[in-house]
Amino acid sequence: MSQAELTREVARRVFASEFNDSTYTFKESDDERAPNYALLPTGDRANRVFVTGTLTETEDVGDESEYWRGRVVDPTGTFFVYAGQYQPEAAAVLRDTEPPAYVSIVGKPRTYETDDGTVNVSLRPESIAVVDDATRDRWVVETAERTLDRIEAFEAWEAEQEAPESGSTAPTNEYAEMARERYDSPVVNYRNDVIQALEQLEDIEEPDDAEATV
C-alpha cells in the first residue's frame, strides 16, 4: 500500500441530507487495509466526515454490552451515530451528555441494508465533543461553502461532457462520473439544502439583531 493510502484521510464536511444519500461505498485497492469510501452525490469520496448538530436523543440499544445510538440533527436532516465498546470515549459522551446539546463529531460512514433492500447510512464516531452555538454556526457556514465547491466542480464537469466540441479536452472528475452513474438525485437538491441551512442561520440570528437595535 502506498504512503498516501496510509495517511489519515481528510474529514469531509457534509450535511445530513447528502450524507444519508451516500449509499454507495467502494475501495480503490484490493489491499485488505485499503480504506472504505462513501461516494458523495456531489462528486467526491469520504472515508471520514466532520459533522456538527444538535444531539436530540440518546439510547443504549445494546443487548449484552453498552451500544449507544445518538440522533444528531442539522438544518437539512438527521445523522444516526452508533458507538460501543470499540469507541469507548465516544460512547461515554453519548452516555453522559443530556440532550439537547450541540456536538461535533468526526467519524466514518457506515452503510447497512435492511430486509426490504433499503440502504441506510450511519456514522461510527472517532470522537464526539460538546460545543457551543458559535461552533455549530461556523460549521454550517463552512459546510455550505464546501458543498457548493463540490457542486460547482460537478456542474462544470457535467457541462463539459455535454458540450459536443469538448472532445478529449474535457476535464476528468471520476467521482462526479461515479455519482451520476450511481445516484438519481440531481445535485441541485443539495444546493437547495445549502440555501435552507443558511436561511435557518439567518432566522436564528435575527432575534439577537432585533434586541441589539432596541
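**Salt bridges, strands and cores**

Biologist: What makes Glu66 and Arg95 a salt bridge?

Modeller: Their side chains meet at 2.8 Å, N to O. A salt bridge needs a side-chain nitrogen of Lys or Arg within 4 Å of a carboxyl oxygen of Asp or Glu, so the pair qualifies. Bear in mind that this is a predicted model, where local features need pLDDT of at least 70 and side-chain atom pairs count only at pLDDT 80 or more, while totals for chains, interfaces and linings use all residues. Residues are numbered from 1 along each chain as its sequence is written, and side-chain values use heavy atoms, with hydrogens and water left out.

Biologist: Where do Glu66 and Arg95 sit in the chain?

Modeller: Glu66 is in the loop between β5 and β6, and Arg95 is in helix α3, 29 residues apart. Helices (H or I, at least four residues) and strands (E, at least two) are DSSP runs, numbered from the N terminus. Asp96 joins Glu66 and Arg95 in a network of salt bridges.

Biologist: Why is Glu66 called partly exposed?

Modeller: Its relative accessible area is 36%. Buried means under 20% and exposed over 50% (1.4 Å probe, protein chains only), so Glu66 falls in between. Arg95, at 37%, lands in the partly exposed class too.

Biologist: How many salt bridges does this rule give?

Modeller: The count is 13. One of them is Arg45 with Glu28, at 2.3 Å, N to O. Arg45 belongs to strand β4, whereas Glu28 is in the loop between β2 and β3, 17 residues away. Another is Arg69 with Glu59, whose closest N and O atoms are 2.7 Å apart. Arg69 is in strand β6 and Glu59 in strand β5, so this pair ties together parts 10 residues apart in sequence.

Biologist: How do you know that β3 and β4 pair?

Modeller: DSSP has to find at least two bridges between two strands. Strand β3 (residues 37-40) and β4 have three, in the antiparallel sense, so they pass. Leu39 stands opposite Arg45 there.

Biologist: What makes β2 and β4 edge strands?

Modeller: The open sheet has three strands in the order β2-β3-β4. β2 and β4 each have a single partner strand, so one side of each lacks a neighbour in the sheet. Helix α5 (residues 174-182) lies across β2, β3 and β4, at about 75° to β3; axes are lines fitted to C-alpha atoms, for helices over the stretch in contact, with angles from 0 to 180 degrees between N-to-C directions.

Biologist: Is Asp44 buried or exposed?

Modeller: Asp44 is buried, because 16% relative accessibility is below the cut-off. Contact means heavy atoms within 4.5 Å, and beyond its neighbours within four places in sequence, Asp44 touches Arg12, Ala38, Leu39, Arg150 and Tyr175.

Biologist: And what makes Glu113 exposed?

Modeller: Glu113 has a relative accessible area of 59%, so it clears the exposed limit. Its place is in strand β8. With neighbours within four places set aside, Glu113 contacts Thr118 and Val119.

Biologist: Which residues have the most contacts inside the largest nonpolar core?

Modeller: Val51 and Ile105, in a core of 30 residues. The term covers buried Ala, Val, Leu, Ile, Met, Phe, Trp, Tyr and Cys joined through side-chain atoms within 4.5 Å. Strand β5 (residues 48-60) gives the largest share, four residues. Apart from this core lies another of 13 residues, among them Phe154, Tyr175, Ala179 and Tyr190.
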